[in-house]
Amino acid sequence: MTAARTHARPAPVPGAGRPAARGLRRFTRSRAPRPEVCELCGTPVAEDRHRHLVETEKRALVCACTPCALLFDRPGAGAGRYRTVPDRYLADPAHRLDDTAWEALRIPVGVAFFFRNAALDRLVALYPSPAGATESELDPDTWQAVLGAGRLAALLEPDVEALLLRHTPDRTECYLVPVDICYELVGRMRLLWQGFDGGPEARAALTAFFRHVERRAAPLPAAEPGRGRP
């Protein structure tokens, strides 16, 4: 099996080599006193109604109000320029990842997320670091062997959803989540990180983040006999 190549370069937006997306600023700075504004219509957006779109050509996140997000909720809407980030969280209790599987991914920290970039037609693997999101290029055989055969991978929507993994001595958690929360996590870690291992505040925030994801994630039903994928 070909080893994955890890690169220590920041990748702060979906797809490497792009300037930081405007929609990510709220994750990497102190909260502004004024409300966020929809970047499509200019309407102020309350925190509980804040949505994101992926601008597919630029591979960037864009802040949106609920009505604007609904306009791009279906594939192909608006000529495919924007795609609304879904709000689903899924887990597959039947798909267990052991230490050998995690080691094959060659991720140097205990957290990573993976999404399929439609424009590049390949999987993108990123992990949080003090510099932001850092990209690790995965060999296709490694991806297929570790994650590709799972039911969550089969359900993954390109660009707007991600497989979020956390490895601890006890287990490896894997969830299908909206891609924007992965960048929210990156922003939190960048703000809180201290020292070599992140420090107690960053570790506590990471644990709280994954407990929130775990509570929201709906388990997939047991697969029918003879059917390994939905």
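Asp159 sits in the loop between H4 and E11. The phi angle of Asp159 is near 75 degrees, a positive value in a residue other than glycine. At 10% relative accessibility, Asp159 counts as buried, where buried means under 20% relative accessible area, exposed over 50% and partly exposed in between (1.4 Å probe, protein chains only). Helices (H or I, at least four residues) and strands (E, at least two) are DSSP runs numbered from the N terminus.

The model is predicted: local features need pLDDT of at least 70, side-chain atom pairs count only at pLDDT 80 or more, and totals for chains, interfaces and linings use all residues. Residues are numbered from 1 along each chain as its sequence is written, and side-chain values use heavy atoms, with hydrogens and water left out.

**Overall**

The protein has six helices and 13 strands. Of its 230 residues, 46% are buried. Among contacts (heavy atoms within 4.5 Å) with a separation of 6 or more, 64% are between residues 24 or more positions apart.

A second residue with positive phi is Arg106, at about 55 degrees although it is not a glycine. For comparison, most residues other than glycine have a negative phi. Arg106 lies in the loop between H2 and E8 and is partly exposed, with a relative accessible area of 46%.

| Residue | Location | Relative accessible area |
|---|---|---|
| Arg106 | loop between H2 and E8 | 46% |
| Asp159 | loop between H4 and E11 | 10% |
| Cys68 | helix H1 (residues 66-71) | 9% |

Cys68, in helix H1, is buried. Not counting residues up to four places away in sequence, Cys68 touches Cys38, Leu40 and Cys41. The C-alpha atoms of Cys68 and His52, which are 16 residues apart along the chain, are separated by 9.6 Å.

**Strand E12 and its partners**

Strand E12 (residues 172-178) is largely enclosed by the rest of the structure, because seven of its seven residues are buried. Strands count as paired if DSSP finds at least two bridges between them. E12 runs antiparallel to strand E11 (residues 161-167), and seven bridges join the two. These strands form a hairpin with four residues between them, and His167 stands opposite Thr172 in E12. E12 also pairs in the antiparallel sense with strand E7 (residues 90-91), over two bridges. There, Ala91 stands opposite Tyr175 in E12.

**Nonpolar cores**

A nonpolar core is a set of buried Ala, Val, Leu, Ile, Met, Phe, Trp, Tyr and Cys residues joined through side-chain atoms within 4.5 Å. The largest has 30 residues, and those with the most contacts inside it are Phe113 and Leu164. At least two residues of this core come from each of strand E8 (111-117), strand E9 (122-129), E11, E12, helix H5 (179-192) and helix H6 (199-216). H5 gives the most, with seven residues.

Leaving aside neighbours within four places in sequence, Phe113 is in contact with Val124, Ala125, Leu126, Ala162, Leu163, Leu164, Cys182, Tyr183 and Val186. A second, separate core has 23 residues, including Leu97, Leu138, Cys174 and Leu220.

**Helix H3**

The buried residues of helix H3 (residues 140-148) are Thr142, Trp143, Val146, Leu147 and Gly148. They cover an arc of only 155 degrees around the axis, so they lie on the same side of H3; the arc is that of the directions from the helix axis to the C-beta atoms. Exposed residues Asp141 and Ala145 are on the face of H3 turned away from its buried side. The cover over the buried residues of H3 includes helix H2 (99-105), E8, E9, helix H4 (151-155), E11 and E12. At the N-terminal end, H3 is capped by Asp139, with a side-chain oxygen 2.9 Å from the backbone nitrogen of Asp141.

**Aromatic pairs**

A pair of aromatic rings is described by the distance of the centres and the angle of the planes. Rings of Phe, Tyr and Trp (its six-membered ring) pair if their centres lie within 6.5 Å; planes under 30 degrees apart count as stacked, over 60 as edge-to-face and the rest as tilted. By this rule there are three aromatic pairs. One of them, Phe209 with Phe210, is edge-to-face, at 5.9 Å centre to centre and 70 degrees between the planes. Both Phe209 and Phe210 are buried.

Technical notes
Polar contact = N/O pair within 3.5 Å; in protein donor to acceptor, adjacent residues only side chain to side chain.
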